[in-house]
Amino acid sequence: MDEGSFAEVVREHTPLVFGVVLRRVGDRSLAEDLTQETFLHAWRGRASFRGDDEAGAGTSLRGWLCAIAHNVVRDHARAQRRRPVEVPEPGHLDLPDPSDAADGMELDEAMDRLRVALHGLPARHREMFLLRERDGLTYKEIAVAMSCPIGTVMSGLARARERLIAAVGA
């Protein structure tokens, strides 16, 4: 991958990587720095990226970048001798604005329940949910990004969805 094509990768994937990092550290300035560090690691390790082959082995570029981002955050936290702060971003979930005031109040109440439920999820399930629903990663990409088996992603997402549906429907 040459500099020109890597610059395009950076332009296209910065919002995703920044979102992943911001959710973990909770500080925009630090997230910007760690996002840059993520792409620096990706540039240095670009020769190791294999991508998907015809049999579907390997990983996508998004999954690879998310895995690097998780490692950069973890390494930063270790260096600071503290754990990353998990910050949910329910405000990024796109819901239509209802025209009826009563529907709007119900939607506000449902969003409040969703925020509480999202924050109440185990950090790993919350991250899986946001990577899938907010960032659009596939199960395989999430598994790579979070260094876990795809079955763990599937069960984690199922549990997260069950808890969120119960909370919003309550």
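Keep in mind that the model is predicted.

I'll start with the charges. On the surface there is a patch of negative charge, formed by Asp27, Glu32, Asp33 and Glu37. Take Glu37 from that group. Glu37 sits in helix α2, which covers residues 28-44. Its relative accessibility is 35%, so Glu37 counts as partly exposed; the exposed class would need over 50%.

Next, the aromatics. How many aromatic pairs does the structure hold? There are two. The one I want to show joins Phe49 and Trp64, whose ring centres are 4.9 Å apart. Their planes stand at 40°, so this pair is classed as tilted, given that stacked requires under 30 degrees and edge-to-face over 60. As for where the partners sit, Phe49 is in the loop between α2 and α3, while Trp64 belongs to helix α3, residues 61-80. The pair therefore ties together parts 15 residues apart in sequence. Is Trp64 buried or exposed? With a relative accessibility of 13%, Trp64 counts as buried, because the limit for that class is under 20%.

Last, the backbone. Most residues other than glycine have a negative phi. Ser147 is not a glycine, yet its phi is positive, at about 50°. Where is Ser147 found? Ser147 lies in the loop between α6, residues 139-145, and α7, residues 150-169. At 60% relative accessibility, Ser147 counts as exposed.

That is what I have for today.

How values were computed: Residues numbered from 1 in each chain as written. Predicted model: local features only at pLDDT ≥ 70, side-chain atom pairs only at ≥ 80, totals over all residues. Heavy atoms only, no water. Patch = residues over 30% accessible without salt bridge, like charges linked within 9 Å, V, L, I, M, F, W, Y side chains within 5 Å. Areas by Shrake-Rupley, 256 points an atom, 1.4 Å probe, with all protein chains shown as cover. Salt bridge = Lys/Arg side-chain N within 4 Å of Asp/Glu carboxyl O. Lys, Arg positive; Asp, Glu negative; His and termini not counted. Charge placed at Lys NZ, Arg CZ, Asp CG, Glu CD. Helix = DSSP H or I, 4+ residues; strand = E, 2+ residues; numbered from the N terminus. Buried < 20%, exposed > 50% of the residue type's maximum accessible area, 1.4 Å probe, protein only. Phe/Tyr/Trp six-rings, centres within 6.5 Å; stacked < 30°, edge-to-face > 60°.
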